[in-house]
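Welcome! Open the structure in your viewer and let us walk through it together, one selection at a time.

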Amino acid sequence: MHPDLAMLVVLQSHDIEAKRLRGQIAALPRLVAALELKAAATVGQRTVVLDLIAKEEALRRRQESEIADQKQKLARTQKKIDISTTSVQVTALEHELAFARAEINRLEDAELESMERGEALDAQRAGANQAVAEAASKLEQERARTDDLLARDRAALAEVDAMCAALRAQIAQSDTGEDSLSTYDRISRSKGTAVSQALNQKCSACQMMVRPQRWNDLRDNTPGSESSQTLMTCENCGHLLYYDPARDAPQPKPAESIPAPILPSL
Ligand SMILES: [Zn+2]
């Protein structure tokens, strides 16, 4: 293997880890933001319930005041009846009396209905209070967890970035190092990764077969061989190919050579 390539393989593993950490560092605040929205929504829902409760209470105060008015009217009318002298007058006043009684009945029924709605709203308020408390507690927990994770991720990222910088400096020291690094960066930018392992005669990045001659060249590790002097690329996807004899496992036997167990039919 080309000596730069061996170091580029390590560099890529650091770069992949750095990318993972950056992704996690970016995603964690979004998770907290989503929980903040959820917590704000529960507060909004509780506000709606509290408004409805206030409206019912105002309605009942109005109803009670109207009932009191009607009762006073009833008493006044009763006094007028007591001092009335003609039957025409009495009939008219009794009509008023009946109207006031009917009105009191209607208002008392309406007040009962309002009290029933109030009880249902009280239950909703208890639920809303619980939802607000739960969302706030979850948000607080998640904030603490996220702060902790962020601190750890940032420290790990600083470490990985330092390892990348040191490795790049080391690669740049060889005659071909600068060129190798710029090739690595160019492929990395366009494909996400630059280096791909050739495993079982296939490129791991695109799964295409490596031609036999190229496969032989890749595995030829003798001094002066092509693979030790040049950076070889996959002819299909353009990744830099490397061969690791330790990981190139022998081909597994075809599945049909293993007899399938015969299951008893149920
Ligand atoms: Zn490929």
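Start by selecting Thr47, which sits in helix H1, residues 3-83. Helices here are DSSP runs of H or I with at least four residues, strands are runs of E with at least two, and both are numbered from the N terminus. This is a predicted model, where local features need pLDDT of at least 70, side-chain atom pairs count only at pLDDT 80 or more, and totals for chains, interfaces and linings use all residues. Residues are numbered from 1 along each chain as its sequence is written, and side-chain values use heavy atoms, leaving out hydrogens and water.

Thr47 and Thr77 are 30 residues apart in sequence, and their C-alpha atoms are 45 Å apart in space.

Now zoom out and colour by secondary structure. The protein has five helices and three strands, in the order α-α-α-β-β-α-α-β from the N terminus. The protein is more spread out than a compact globule, because its radius of gyration is 42 Å, well over the 18 Å that the globule rule gives for 266 residues. That radius is taken over C-alpha atoms, and the rule is 2.2 Å times the number of residues to the power 0.38.

Finally, colour by burial: buried residues make up 31% of the 266 in the protein.

Methods. Buried means under 20% relative accessible area, exposed over 50%, partly exposed in between (1.4 Å probe, protein chains only).
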